[in-house]
Amino acid sequence: MAYTAQKPPAKESSEQLRARIPGWGADLDPADRPSVPREQFDPNLSGAHWDFPERQPEDRPRERSIEHEFLTPVFGTSCPTHGVSGAIRRFSYAKYSEGRAAHWLLLLAADRVDAFGSTLRSFATLRPDNPITQTGIRTEFTHHGIKSRRGQQRVDLVHQPLDVLVVAGPWIAASLGAYAAYRKLSRAGRRKG
């Protein structure tokens, strides 16, 4: 069992492992180990004074990989899941193993949903996000962004045309959507008036 002070029992004996894996156990003989003169085995050296560590209380349900029987004794709580992105994350952990691409793609999608949601929430505040200063576009012109790319053998030059689309694309789409909504509302207003 994980998180206990005792070493878990071996599934195979040393003889079985040596027969199955060439070279296994080459360092079992203390004479063949260079660290033996300095090596000390003391089960109390770890400083652990417990058989199983005290568990952190789980105030909210936390996402847990399906490979694990339970949460680790201590876990992070600084960014609890919330909203639609939290539902996507919980679904990813409940449905897919960490070895599946679907698990990680859903977590990426949840991050994008969370970023989009925080951008929308910023418009409801007195200080909305500024896409020019907060995405680094302004520094491209003030800190020699284009000059640093010419004549260089940089690996990231290949995807830089896509960076513009990824950074500016959502803002352009939102602006076009707002403009289309404004035109539709203004046309509807003219027809009534």
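Predicted model: local features only at pLDDT ≥ 70, side-chain atom pairs only at ≥ 80, totals over all residues.
## Overall fold

The protein chain has six helices and zero strands. Read from the N terminus, the order of elements is α-α-α-α-α-α.

Of its 193 residues, 12% count as buried. The accessible surface amounts to about 16200 Å², and carbon and sulfur atoms contribute 60% of that area. Among contacts with a separation of 6 or more, 36% are between residues 24 or more positions apart.

## Salt bridges

Side chains of opposite charge can pair when their charged atoms come close. The model contains three salt bridges.

In one of them, Asp111 pairs with Arg89, with 2.4 Å between the closest N and O atoms. Asp111 belongs to helix H3 (residues 101-123) and Arg89 to helix H2 (residues 83-95), so this pair ties together parts that are 22 residues apart in sequence. Asp111 is partly exposed, at 36% relative accessible area. Arg89 has a relative accessible area of 16% and is buried, because the cut-off for buried is under 20%.

Another salt bridge joins the side chains of Glu12 and Arg20, at 2.8 Å from N to O. Glu12 is partly exposed, with 28% relative accessible area. A further bridge links Arg62 and Glu63, whose closest N and O atoms are 3.4 Å apart. Arg62 has 22% relative accessibility and therefore counts as partly exposed.

Pro80 is located in the loop between helix H1 (14-20) and H2. Its relative accessible area is 31%, so Pro80 is partly exposed.

Leaving aside residues up to four places away in sequence, Pro80 touches Arg60 and Arg62. Arg62 also takes part in the salt bridge with Glu63. The C-alpha atoms of Pro80 and Glu63 are 9.5 Å apart in space, while the two residues are 17 residues apart in sequence.

## Nonpolar surface patch

A nonpolar patch on the surface is made up of Ile132, Ile137, Phe141, Ile146, Leu162, Leu165, Val166 and Val167. Together these residues have about 780 Å² of accessible area. Helix H5 (137-142) and H6 are the elements that supply two or more residues to the patch.

H6 gives the largest share, four residues. Leu165 lies in helix H6. With a relative accessible area of 57%, Leu165 is exposed, because exposed means over 50%.

Arg187 has 40% relative accessibility and so counts as partly exposed.

Notes: Residues numbered from 1 in each chain as written. Heavy atoms only, no water. Buried < 20%, exposed > 50% of the residue type's maximum accessible area, 1.4 Å probe, protein only. Salt bridge = Lys/Arg side-chain N within 4 Å of Asp/Glu carboxyl O. Contact = heavy atoms within 4.5 Å. Patch = residues over 30% accessible without salt bridge, like charges linked within 9 Å, V, L, I, M, F, W, Y side chains within 5 Å. Areas by Shrake-Rupley, 256 points an atom, 1.4 Å probe, with all protein chains shown as cover.
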